[in-house]
Amino acid sequence: MLTAILFQSKNPEELRQEFPLNVYAVGQVSLKRSGRNKPTDALIGFYGQKKKMASDTVLCGECGTNAANCSCLQCNVHFCTSCFARIHESSVILRKHKKVAFDATEIALLNKDSVCEVHNGKFLEIYCNDCNQYCCKDCVFAAHLKHSCVEVGQKNEEILKEFLEAYDEANAVLKQLYHTRKKIQANSLQQQDDEAVALEREVNLHFSHLHGLLQLQEADLLKKIRSCKEITFRSLNSALKNLESNIKEMESVLTVSQASLEASNFSTVPLSPLLDKLTNLAETPCHLLLNADESSTEFKFHPDSSVIEMLKGHCTISVPEKRTYELCSKLNLPDDFNLETIPDTPDPFKKPDLSALTSKKWQQTSPTPSVTTTPLSEPKVSQTRGSSFQEVLRKHRLQLQPNKEETMSTSSADSAFENICVVPSLTEGTTEAVKICHLITPNDFYVQRTCTFTQLEKLRDHFSKQALIKKSPPASIERGQIYLMQFTVDKKWYRAEVKKLDGDNCEIFYIDYGNTEIVNVKRLREIPEKYLEIPAQAIHCSLADCVPVGGQWTEVAVTFFA
């Protein structure tokens, strides 16, 4: 503050006179910033810059300063690595606790599920039964007045049994995942490829034998060519020797004949003997003649082209068109799949003590309340988690009236069926949270209401079970009727309406998601009649008063809207 006042009241020259530059201190700062040498003066200290942490960083439950990167399943506390080691290694009993490392992004995602996205990160403490969604206290006054609402703890107790069943099932699936990973890493699946290895060896042997035969035939043909070349070469050498001999003889006779014609020798040398020799030498062979068979006068290769075509298709193999491994859920396993027996081992994640979860607070409360209000201005609700929902309502003059007790079905599918059927219909002038499930253009897209997401997922899992029970297609397929259909991409089952029939194929429309697909009619399955009562959850929408520039939506515009 003093420095700010001085800067406002005095110019830089006056400040330099009152606060002269300390060259020694500047030197120590320079040593510190360079990083090459440490400051030599122990009286001068430097504050380290604190690391900035994201707002959603989970801090260590022990030190409270470092970011947590692991958790103790028994202590149910998040720790940093140093605090976990310091606390658990000091005790023989605590050493047996299981350390579970986690990624910061996973914890951020976990915390995100309990924080309201609308009201600046306030906690989701209320569950609205009418809208089937969690909300914060501000959301109650903004969008859920006169709705049947309960606190999150009470809702959790209602679904605790179903949650524990899913928890046990997840543990069983995790065991299976561990077992499958171990089986792949141990190369125990290699035995299933013995047939492929044997076939590969057989193909190699066949072509090795065929290649050997071709090499032998090649050697025979080349031997004939080389033999012919060798005979020709020998005859040329012989002809060359004869030529040299004839040339010498001819040169000798002509030399003597030339000398006898000279004037000095003409009268003394008889010409008759030379005449006989010249006459005989005239018949000397002097032309090179090629002697070849009349049947074959040229070198030429005569392959049988039909052999080439025969070799191209002289052998075939039979292999599966598609033979790949993929992970499959238990519901989508084929009938002939042999389930392996997994060794009986403890659950990877044991359930904590559940006695503390059954709170007397919920047992003493009346059945699920509904909220009625008097005309009030929107109150400001505190983010503090200590006060209960009932106390907040009383604080703002809201009255709780008992509502009819909700009937909870033992089956998750039946519960989802009941909840999705009682969802209030859309009315003009109201606001509804939706999510785009299928987009064609901004003037042609489908949305789902967020209050039905959970119920749709439960029904989807139930449809998969129904498809396993009814494995044969319906006796007849009619246009406009609704069936169960396995989507090609995710292999899950959904409700589908037949739009067009074309022989063995048909065009279907997924009434809960808005997309279409052309499939074979044999892939359709019958759907239980009660699920036909559920209204189509894909709502066809179009942006109001919005038209594309040029009369047609561009790909960039559609991508931006998505």
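The structure is a predicted model, in which local features need pLDDT of at least 70 and side-chain atom pairs count only at pLDDT 80 or more, while totals for chains, interfaces and linings use all residues. Residues are numbered from 1 along each chain as its sequence is written, and side-chain values use heavy atoms, with hydrogens and water left out.

**Sheet**

Helices (H or I, at least four residues) and strands (E, at least two) are DSSP runs numbered from the N terminus, and two strands pair if DSSP finds at least two bridges between them. Strand S10 (residues 444-449) is joined to S15 by 3 bridges, and Val447 has Ile539 in S15 as its bridge partner.

**Aromatic pairs**

Rings of Phe, Tyr and Trp (its six-membered ring) pair if their centres lie within 6.5 Å, and planes under 30 degrees apart count as stacked, over 60 as edge-to-face and the rest as tilted. By this rule there are 9 aromatic pairs. One of them is the tilted pair of Phe163 and Tyr167, with 6.4 Å centre to centre and 35° between the planes; both residues lie in helix H8 (residues 160-185), 4 residues apart. Phe487 and Tyr510 form an edge-to-face pair, at 5.4 Å and 75°. Phe487 lies in the loop between strands S11 (482-486) and S12 (493-502) and Tyr510 in strand S13 (residues 505-510), so the pair ties together parts that are 23 residues apart in sequence. Ring pairs also link Phe487, Tyr494, Tyr510 and Tyr513 into a cluster.

Buried means under 20% relative accessible area, exposed over 50%, and partly exposed in between (1.4 Å probe, protein chains only). Lys137 and Glu125 are both buried, as are Arg495 and Asp512, whereas Lys499 is partly exposed at 33%.

**Annotated span**

An unreviewed UniProt entry lists residues 233-260 as "coiled-coil region", and such annotations may be inferred rather than shown by experiment. In the model, residues 233-260 are 100% helix and 0% strand, with end C-alpha atoms 41 Å apart.
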